[in-house]
Amino acid sequence: MIWIPCFSKSKIKELTAGETDATTYSAFLIGHIAKSDDIKQPMGDYLLDMAFDLLESAQEIIGGRLVYLDCKDKPKIKKLYENYGFKYFNTSEKTKLLQYYIKI
């Protein structure tokens, strides 16, 4: 689930197909692709490509429009996800992990 109040009203409308009263929104979660600053861009891209191939199949069956992930605040990890098109939207108060999303 993505915590919607992190976004502006116009972004909420865009991401939720007009559900402007929503406070949370279901999303696919990608977990633990890059946990270390040692991740290399080509390997990270390969793993993300594989994950998105599976997500496209899931999306055809159950729908969905957002993917999110949590990551450590490390430059190489952030760069990997940002270069792939993910956008930062929040930092978890509980885990202190950065949260990113991408619309599919």
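Is phenylalanine 52 buried or exposed, and what is its relative accessible area? In this predicted model, phenylalanine 52 is buried, with a relative accessible area of 9%. Phenylalanine 52 also belongs to one aromatic cluster, which it forms with Tyr81, Tyr84 and Phe86.

**Aromatic pairs**

- With ring centres required to lie within 6.5 Å, the count comes to six aromatic pairs.
- The rings of phenylalanine 52 and tyrosine 84 have centres 5.5 Å apart and planes at 35°; the pair is therefore tilted, since planes under 30 degrees apart would count as stacked and those over 60 as edge-to-face.
- This pair links distant parts of the chain, 32 residues apart, with phenylalanine 52 in helix α2 (residues 41–62) and tyrosine 84 in helix α3 (residues 75–84).
- Tyrosine 81 and phenylalanine 86 form an edge-to-face pair, with 5.8 Å from centre to centre and 75° between the planes.

**Accessibility within the cluster**

- Tyrosine 84, the partner of phenylalanine 52 in the tilted pair, is partly exposed, with a relative accessible area of 22%.
- In the edge-to-face pair, tyrosine 81 is buried at a relative accessible area of 2%, and phenylalanine 86 likewise counts as buried, at 3% relative accessibility.

**Nonpolar surface patch**

- Met43, Tyr46 and Met50 form a nonpolar patch on the surface, and together they have about 320 Å² of accessible area.
- Tyrosine 46, one of the residues of this patch, lies in helix α2 and is partly exposed, with a relative accessible area of 48%.

Note on methods
Residues numbered from 1 in each chain as written. Predicted model: local features only at pLDDT ≥ 70, side-chain atom pairs only at ≥ 80, totals over all residues. Heavy atoms only, no water. Helix = DSSP H or I, 4+ residues; strand = E, 2+ residues; numbered from the N terminus. Buried < 20%, exposed > 50% of the residue type's maximum accessible area, 1.4 Å probe, protein only. Patch = residues over 30% accessible without salt bridge, like charges linked within 9 Å, V, L, I, M, F, W, Y side chains within 5 Å. Areas by Shrake-Rupley, 256 points an atom, 1.4 Å probe, with all protein chains shown as cover. Salt bridge = Lys/Arg side-chain N within 4 Å of Asp/Glu carboxyl O.
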